Each structure stands twice: as C-alpha cells, then as structure tokens.
Amino acid sequence: MPATQHDRSRSPRGRVSAEADAKQANDTRPAKSDLELLDGHSAKEIFENTSSFTGLTYDDLICMPGHINFGVHDVDLHGNFTRKIKLKMPIVSSPMDTVTEAKMAIAMALEGGIGVIHTNMPIEDQAREVMMVKKFESGFIMDPVCIPPTMPLSELISLREKLGWKGFPVTEDGKMGSKLLGLVTKRDTDWVTDGSSTVGSIMTKLSDLVTAPEAVDLKAANKILRESKKGKLPVVSKSGKLVALMSRADLQKNADYPNATKDKNKQLMVAASIGTRPSDKDRVRALVAAGVDAIIIDSSQGDSVYQHEMVRWIKKEFPDLQVVGGNVVTKRQAKNLIDSGVDALRVGMGIGSICTTQEVCACGRAQASAVYSVAKLARAHGIPILADGGISSPGHIVKALCLGAGAAMCGSLLAGTEETPGEYF
C-alpha cells in the first residue's frame, strides 16, 4: 500500500492549496438537518416533562432568538381580553385602588388595551368612573376642575400654583355637572390686587363666553375654537349645566388613536371588578346601567361556590355581559369556572407585588407553569386567559404571551404614573 504524502511546504502557495482542499472536502459533506440546528427546548418539552416536578417562573425562562426577516411594522400584537373583546395592545391595567380609575382606563383603551376599575369604592362612585370612560371623546376634558363663585382670589392663586393651570370653569357649587356661571382665566386676575375678592366678581360671565352645545363633535368644536380665537370652550347642556371643557392647548396636542379599544357605538371599552357578596349583585346592575363592557370577579381563589353562583347569575341576568373569572392556577380550577360560564380566566396566585396568598395560605403556583398549564386547557374551550401577577418588565409580558396568555395584567408596572389615582406632583 503506497504511503500517504503530506505537504510540508511552508510557502503561501502551499497553504492556499491545502485550504482549498479542506473547503472542497467540507462542501461535499451532507448538510445538517433542521432538527440538528435546533437549540433549546420547546414549551411542551419543558412543562410536560413527567420526570420533572419543578414549577417555573418567568425568570426561569428565556426565549431563544431566531432569524429576523420582517420589519417592526409587520409585528401583530392583537390579543383577546375575553371571548368577544379583542385588544390591539394585549395589556390590561389591574383593578387595584392605586392603579385603575377612569383616567387610567381611558389611557389604556386609547392605546389599544383595557382598564379594570377597582371595586374599593361605593357603588355610585364606581358606576360614575365607568360612565366617565364611556362618555370620553378624545379632545374633550370630561372632568375639569371647577371652582365656586365664592372662592377668594388668594385661594385661586394657590390652586393655580398647585395644579399648574390658569383657567377654571366657575359653577354654582364648584362641581362638574352643575350650572355654569362663567370662566376665570389669568387675564381676569392680572390687575386685581385685593386677595379677598371673590371669583364671582372678577370672572368672565356666561353671557360673554363662547360655548358649544352638548351634542357637538370634535371637528365642530375645533372650528368654534379656531374662529372665536378663545383658549377654552365650555360644552353645556340645554339646561345650562357644564358637560365638558375643551382647551386649545389640548387640541393642539391631541393625537389620533387608531388602535383604541372601542365598542360598536364607537365608545371606549372599560371593565370593572366586583366581589362575590350578595350586595355585589346591586353593584353589577349599577355598572351595567353605566355601560360597563366586562366584569372581573376579584378573588385570590376563584374556584369557589360563591364565584360559581355569581358567574351563573350574571350570565343569566345579563347574557351579553362578558365575565372574567379567577384567579386560578390549575386545570381543575379553570375547568370548574369554564363550566360555570366565564368568558375569560385570570391566572395567578400569590405572585402579585402586594399579594400574600402563598405566604399566608401556602397556596399558589409558579406563574410561568400556571399560565402554560391553564392556557392549554382554556384554549381547547375557546377561552382566553389573562396572565395576572409577576409582571415587572416588558420581557415578562412577552414571556406570558409566548406561554399562551391572551393579554398581560399589569399593576405595579403602572403604579405611580400620572394616570393612576391620587395626586400627581
């Protein structure tokens, strides 16, 4: 057998020849199959591995990057809040008293999500918050700060410094919805030196104001403001009550919201939370009268006879009202609520920023495992789920959606923003 010859030449020409031979040999090898190129593990392999008994959180997982052959404009984030309510931005604000009232619900709906108004308030107040969202129109200020005619100038100056606004509508009792008497702006107070003077004595009276009727639309109101060259335009009812206020500055900043979550009447959609007490049935009636689009039954343990009874009662009394049950973390819990008639499920137990269920009751489940498990069962019944809790970054939202959630419910991630309840400094 002839001996194999090895090229021992150190010349550049020799190295080039050797590299060419090596490349040719590599090119003739069979290509690796797609299966061999797969790294990592699928969600099914991770969560349905019968030899593993470990619950996984969002931080235990990471998404493997892939090949990008599309642009940002091609990304579709549409999700489902309930069976009938679809979202263009799959984010829901939590029904916490530090997160969601009308202002947050409006902001969420304008951007394509939805807000859930909390239940920690009297029935009338919660219904009023819902009504504010339903009556909102972009460009109209539905809850302007009003002042009474008896307010002294010194107090008005302090209010301006606190809020940063110059003009205020003056109503009979200083509240929105009462009879409009006039408008006070900086121009009215520039040359007044007596701090004890009342607002009623220096304001621009109603007879000298340019106003718009209650049914005015945004385009017509904008035209009135432009032609009158005024800074503020009160919208009043036939009986003279203040319904809304328009500001030239707000109109200039007003943006178009093509992704807004709206109902068939072109009104913003809003949800509200309730409990499972018998008195909550009166709350549901008031919320439905106010125009609420969905009810979330707020409970850390959703699989109870009390919630089952409440779901059945709501679906019987208001068949078209969407009902979100929960919270659940297991398939059995989810199946019981699905059988009761829910239109969506809220998933998560003991992992919220202020939740103590796991510590106090020793109940719960790692959130990633809970979302995957419940989503798989719910999808088979056509029920979307909301991943509720454990969301502290945009990456957690992505993971929740990857695991099967129709939308992510956010609380602490939104708390402390300008749209949340309370004073903003």
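Modeller: Asn259 is found in the loop between helix H10 (248-253) and S11, where helices (H or I, at least four residues) and strands (E, at least two) are DSSP runs, numbered from the N terminus. Before going on, note that this is a predicted model, in which local features need pLDDT of at least 70 and side-chain atom pairs count only at pLDDT 80 or more, while totals for chains, interfaces and linings use all residues. Residues are numbered from 1 along each chain as its sequence is written, and side-chain values use heavy atoms, with hydrogens and water left out.

Colleague: Is Asn259 buried, exposed or partly exposed?

Modeller: The general idea is that buried means under 20% relative accessible area, exposed means over 50%, and partly exposed is in between, using a 1.4 Å probe and protein chains only. Asn259 has a relative accessible area of 38%, so it is partly exposed.

Colleague: Which residues does Asn259 touch, not counting those up to four places away in sequence?

Modeller: Contact means heavy atoms within 4.5 Å. By that rule Asn259 touches Lys88, Ala109, Leu110, Glu111 and Gly112. Leu110 is 149 residues from Asn259 along the chain, and yet the C-alpha atoms of the two are separated by 6.9 Å. For the protein as a whole, among contacts between residues at least 6 apart in sequence, 60% join residues at least 24 apart.

Colleague: How should I read the packing of two helices, for example H4 and H5?

Modeller: Two packed helices are described by the angle between their axes and the distance between the axes. Axes are lines fitted to C-alpha atoms, for helices over the stretch in contact, and angles run from 0 to 180 degrees between N-to-C directions. Here the axes of helix H4 (residues 102-110) and H5 come within 9 Å and cross at roughly 35°. The crossing of H4 and H5 is right-handed; a crossing is left-handed if the near helix is turned anticlockwise from the far one by less than a right angle, and right-handed if clockwise. On the H4 side the contact is made by Ala102, Ala105 and Ile106, and on the H5 side by Glu129, Met132 and Val133.

Colleague: What classes of residue make up the contact of H4 with H5?

Modeller: Ala, Val, Leu, Ile, Met, Phe, Trp, Tyr, Cys and Pro count as nonpolar, Asp, Glu, Lys and Arg as charged, and the others, Gly among them, as polar. The contact of H4 with H5 has five nonpolar, no polar and one charged residues.

Colleague: At what angle do H12 and H13 cross?

Modeller: The axes of helix H12 (residues 305-317) and helix H13 (residues 331-340) come within 9 Å and cross at roughly 30°. That makes H12 roughly parallel to H13, since angles under 35 degrees count as roughly parallel, over 145 as roughly antiparallel, 65 to 115 as roughly perpendicular and the rest as oblique. Gln307, His308, Val311 and Arg312 of H12 meet Asn336, Leu337 and Ser340 of H13, a contact with two nonpolar, four polar and one charged residues.

Colleague: How many strands are in the closed barrel, and in what sense do they pair?

Modeller: Two strands pair if DSSP finds at least two bridges between them. The closed barrel has eight strands, in the order S3-S4-S11-S12-S13-S14-S15-S16, with parallel pairing.

Colleague: What is the order of strands in the open sheet?

Modeller: The open sheet has three strands in the order S5-S6-S7, with antiparallel pairing. Its edge strands, each pairing on one side only, are strand S5 (168-171) and strand S7 (204-205). S5 and strand S6 (residues 180-184) pair over four bridges, with Pro169 opposite Leu183 in S6.
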